Amino acid sequence: MGSIGTSPVAENGSDTPNGATVTYDGENKPHSGDGYPPSAAETTPESEASKKRRMSMLPLEVGTSVMCRWRDSKYHPVKVIERRRVHGGGPNDYEYYVHYTEFNRRLDEWVKLDQLDLDSVEAVVDEKVEDKVTSLKMTRHQKRKIDETHVEGHEELDAASLREHEEFTKVKNIATIELGRYEIETWYFSPFPPEYNDSLKLYFCEFCLNFMKRKEQLQRHMRKCDLKHPPGDEIYRNHTLSMFEVDGKKNKVYGQNLCYLAKLFLDHKTLYYDVDLFLFYILCECDDRGCHMVGYFSKEKHSEESYNLACILTLPPYQRKGYGKFLIAFSYELSKKEGKVGTPERPLSDLGLLSYRGYWTRVLLDILKKHKGNISIKELSDMTAIKAEDILTTLQSLELIQYRKGQHVICADPKVLDRHLKAAGPAGLEVDVGKLIWTPYKEQG
């Protein structure tokens, strides 16, 4: 349950592949040298030879590199991850599960043969494990945009573990889900129980998170389900925004269902069936129909490492609205209430670090701008609940701290602070601490 990171999300409608889509509801021909179109005798042998060559490639082997026409009508390089026979087709009629090598794994999908440019086929290369790791890391660094909500990466995995993870989760098992009024394309594999293996789409109750194979099952369930918000205690309400605290021990099925759901959008989140040790904080938008989940974060009830957040996710329909930043800020407000410093669960991916570094930068520089006189890292930590090590590394990355005469000195030039604050971007939705009514878990006990 310990994965934090940011997802490479391109805005819907852009000309680059953009992963999960939320559903609301003149031709040049060859000519001969004399200026006249070539005769059939001139063209037939070449086209027949070309056709025979292409047919000899089929079916394509797993590992084949080829260009594939994506939904933007442009061709992108892909690698064949898996293949399956087309029902009722011939011996060479297959569909292919492909990975777009320029982009994140969440774009992987099944494609038909006519989407592939067979003239671009490259031979299968038997790569070494180290090469695969390098290739995957390059993929994560190409054409990715920072998204505030979902943090990913495999930097903590060794080569063997990475290969095992990729093999086990290589094919996305659930294509879409229905959650409330949204239909959402999934991003990654999630290990649902075996009886759901043949389901390309699942229907979730947005309040209790039970999932079904058919729409009719969901409709029957909704007539019986008396929940209109997540099970647990409402600890925050500010206008239409609410936060509920759900104890994994008291609401085990809900916690497990939430993990199944979250895994569809988090690449290397560890799925814990034993959710007893965790608290889940569910952020909701509320209206007259109920409280609709926007995202969540989880935290251990007892963390020896002072972790105040394990996993964090904002669901795709609600991304780019500041909710991810709100969730991070909320986790620190809980730490303040507990009277202790906090830090996100390690290891952080590179993009996860960027998300948190942005939060830490905004909070620390706001204080430095307003503060008169000297201030120590310990004092900053006491004021913000940010761990001293995180404060130190953040200020060092901004070149705002120097080591003089055996101690760290913060250099807070106003113009430099303004420049860094502008680069950090907007703070997002603000947590109104006056609306937070919460008792720390140890005191509840």
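M67 stands opposite P77 in β3. Strands here are DSSP runs of E with at least two residues, helices are runs of H or I with at least four, and both are numbered from the N terminus. Two strands count as paired if DSSP finds at least two bridges between them.

A word on the model before going further. It is predicted, with local features needing pLDDT of at least 70 and side-chain atom pairs counting only at pLDDT 80 or more, while totals for chains, interfaces and linings use all residues. Residues are numbered from 1 along each chain as its sequence is written, and side-chain values use heavy atoms, with hydrogens and water left out.

## The open sheet

Strands β2 and β3 take their places in an open sheet of 5 strands, ordered β5-β4-β3-β2-β6 with antiparallel pairing. At its edges are β5 (109–111) and β6 (116–122), each of which pairs on one side only. From one strand to the next, the twist averages 45°; axes are lines fitted to C-alpha atoms, for helices over the stretch in contact, and angles run from 0 to 180 degrees between N-to-C directions.

D233 has E245 of β12 as its bridge partner. The hairpin made by β11 and β12 has 2 residues between the strands, and H239 in this hairpin takes a positive phi near 60°.

β12 is also joined to β13 by 7 bridges, again antiparallel, and here S242 stands opposite C284 of β13. β13 in turn runs antiparallel to strand β14 (residues 290–300), with 10 bridges between the two. These two strands form a hairpin with 2 residues between them, and D287 has G290 of β14 as its bridge partner. Is β13 enclosed or open to the outside? Strand β13 (residues 278–287) has 8 of its 10 residues buried, so it is largely enclosed by the rest of the structure. Buried means under 20% relative accessible area, exposed means over 50%, and partly exposed lies in between, using a 1.4 Å probe and protein chains only.

## M243 and the nonpolar cores

Which residues have the most contacts inside the largest nonpolar core? They are M243 and F330, in a core of 81 residues. A nonpolar core is a set of buried Ala, Val, Leu, Ile, Met, Phe, Trp, Tyr and Cys residues joined through side-chain atoms within 4.5 Å. Another core, of 17 residues, lies apart from it and includes V66, Y96, Y100 and L116.

M243 is placed in strand β12 and counts as buried, at 0% relative accessibility. Leaving aside residues up to four places away in sequence, M243 touches D233, E234, I235, Y236, Y281, I282, L283, F297, F326, L327 and F330, where contact means heavy atoms within 4.5 Å. M243 and F330 are 87 residues apart along the chain, and their C-alpha atoms are separated by 9.5 Å.

Helix α8 (residues 377–384) and helix α9 (residues 388–397) have axes that come within 9 Å and cross at roughly 115°. On the α8 side, I377, L380, S381 and T384 meet A388, I391, L392 and L395 of α9. By class, this contact has 6 nonpolar, 2 polar and no charged residues.

## Backbone details worth a look

Most residues other than glycine have a negative phi, and most peptide bonds are trans. The peptide bond from L58 to P59, however, is cis, with omega near -10°; P59 is found in the loop between α1 (40–57) and β2.

S73, which is not a glycine, has a positive phi of about 70°. This residue lies in the loop between β2 and β3 and is exposed, with a relative accessible area of 57%. R320, also not a glycine, has a positive phi of about 60°. R320 sits in the loop between β16 (312–314) and α6 (323–338), where it is partly exposed at a relative accessible area of 38%.

Terms used. Nonpolar A, V, L, I, M, F, W, Y, C, P; charged D, E, K, R; others polar.
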